Amino acid sequence: MDRRQFIGRAALGAVAAAGVSKAALAGLPEPVIQTSPATAPPLLPPSGRPYNPVVTLNGWTAPWRMNNGVKEFHLVAEPVEREIAPGMVARLWGYNGQSPGPTIEVVEGDRVRLFVTNRLPEATSIHWHGQRLPNGMDGVVGLNQRAIPVGKTYVYEFIARRPGTFMYHPHADEMVQMAMGMMGFWVTHPRTRHPLISEAQRDFCFLLNAYDIDPGSLVPKINTMLDFNLWTFNSRAFPGVDSMNVRLGDRVRIRVGNLTMTNHPIHLHGHEFEVTGTDGGPTPPGSRWPEVTTDIAVGQMRQIEFIADEEGDWAFHCHKSHHTMNPMGHDVPTLIGVDHRGLVGRIQQVEPEYMMMGERDMADMKEMPMMLPEQTLEMMAGFGPHGPIGMGGMFTTFKVRRDQKPGDYADPGWYAQPPGTQAFEWQGELPEPARFSAERLNAGEVPGLRRSALEMQVRKPGSGSHQH
Ligand SMILES: [Cu+2]
């Protein structure tokens with residue numbers, strides 16, 4: 001976007017707002033537009049109360065203006081172009097140049113004023129999901145307010161009353177507008193030290209979203225209810241999702257909100273975490289238990305926390321295996337076990353790309369350059385230091401490094417595993433398989449497993465030891 005467009009956009013917002021709100025008399029804050037899908041560095045608060053900012057995965061935090069003690073943001077609802085992953089750009093709707101829109105970060109007790117300019121082809125609104133606010137600020141069209149007409153700017157204003165993890169999205173034609181990518185994250189930091197909120201060195205956030213975009217096309221199919229083909233973290237599919245990079249020993253918080261049409265069991269490798277917060281706020285410590293996977297239902301937010309105390313490159317992904325795939329055909333019959341001798345060669349005469357699933361590892365698809373139409377992604381993509389990763393969709397890596405500098409979020413590259421710590425090929429002899437038989441085992445017939453191997457010492461309360 002060039003400067004003329006930018007000024008034109010700002011001027012349109014100002015004109016539209018005239019006469020709408022007393023609050024707008026001071027003039028609108030300029031909307032700030034982001035054109036890059038890269039993960040922006042944390043935005044250290046230049047004004048207002050201090051806090052430790054979050055990092056939005058493949059996203060950014062909206063700058064604000066202080067106006068007589070009020071934090072003012074300007075969101076522009078508009079068509080955007082979003083790179084889902086290298087090789088595929090989608091035409092979505094979002095805010096300020098991206099889908100999702102910018103993360104809003106404020107502090108508990110802040111008075112927040114949000115100017116929302118509608119540059120979409122239809123009316124919209126914003127619902128501030130999870131917030132305590134006056135009823136007229138809740139954003140449900142028809143119930144709480146009139147829809148924001150095309151070209152107009154509305155003003156929302158409320159005090160961020162409780163600290164926690166929130167989202168924002170339209171409550172006007174939401175099936176269409178959310179299928180098109182209209183959503184954003186909101187974090188309210190605690191005002192002072194909070195008994196239930198720990199100080200984390202790294203605080204990441206992102207939304208779970210999904211799109212149905214036919215290969216070769218640009219715009220999502222908005223009537224799809226369940227059968228989406230792009231499962232994304234913040235409107236990015238792996239290998240387009242950045243890694244989350246931390247320093248060994250950091251306390252890490254990851255906040256996730258789900259605005260898809262299904263639940264996502266989010267799984268972290270190499271560490272255990274606790275759910276320290278939900279949509280309703282921080283969880284009391286007595287309610288927390290260790291997990292490595294937490295299911296996030298539709299409309300829910302979860303924040304997980306743990307100490308990153310294992311060095312390495314750890315997978316972090318949705319555990320629904322179809323959600324770590326990019327566009328795929330689901331109507332293909334399973335042919336595992338079918339005698340297909342001679343079949344593949346004959347099919348390949350008419351369809352050279354044909355291969356049998358389950359016969360040759362689907363990961364082969366990564367090693368074979370395939371002819372793809374423009375504007376789509378391979379089902380599984382991404383290369384690691386040891387070959388193709390064979391993942392897509394809702395997948396990324398969590399990188400823990402001893403020498404990552406505090407506050408440095410840059411990708412440290414691949415982990416150099418210490419010698420002798422990687423799974424390796426067995427080079428010795430393979431013993432003949434022994435079929436299990438309890439009778440033969442008891443009779444001492446199975447080589448290498450003598451009856452004495454089953455003897456154990458059992459100590460019962462109030463008696464001596466017995467041989468069994
Ligand atoms: Cu999932």
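Predicted model: local features only at pLDDT ≥ 70, side-chain atom pairs only at ≥ 80, totals over all residues.

Tutor: Let's start at His 169: skipping its neighbours within four places in sequence, His 169 is in contact with His 127, His 129, Glu 174, Met 178, Met 182, Met 183 and Leu 259. Numbering runs from 1 along each chain as its sequence is written.

His 169 counts as buried because it has 23 C-beta neighbours inside 10 Å. The cut-offs are 20 or more other C-beta atoms within 10 Å for buried, 12 or fewer for exposed, and partly exposed in between. His 169 sits in strand 9 (residues 164–169); strands are DSSP runs of E, at least two residues long, numbered from the N terminus. Gly 184 is 15 residues away along the chain, yet its C-alpha atom is 6.5 Å from that of His 169.

That brings us to strand 10. Strands 9 and 10 pair antiparallel over 5 bridges, where pairing takes at least two DSSP bridges.

Put together, you get an open, mixed sheet of 4 strands in the order 5-10-9-7. Strand 5 and strand 7 (127–129) are the edges, each pairing on one side only. From one strand to the next, the twist averages 25°, using axes fitted to C-alpha atoms and angles from 0 to 180 degrees between N-to-C directions.

Strand 10 is largely enclosed by the rest of the structure, because 6 of its 6 residues are buried. In a regular strand, side chains alternate between the two faces of the sheet. Here Gly 184, Trp 186 and Thr 188 are buried on one side, and Phe 185, Val 187 and His 189 on the other.

Trp 186 and Met 167 also turn up among the residues touching the most other members of the 83-residue largest nonpolar core. Such a core is a set of buried Ala, Val, Leu, Ile, Met, Phe, Trp, Tyr and Cys residues joined through C-beta atoms within 7 Å.

Conventions:
Contact = placed C-beta atoms within 7 Å.
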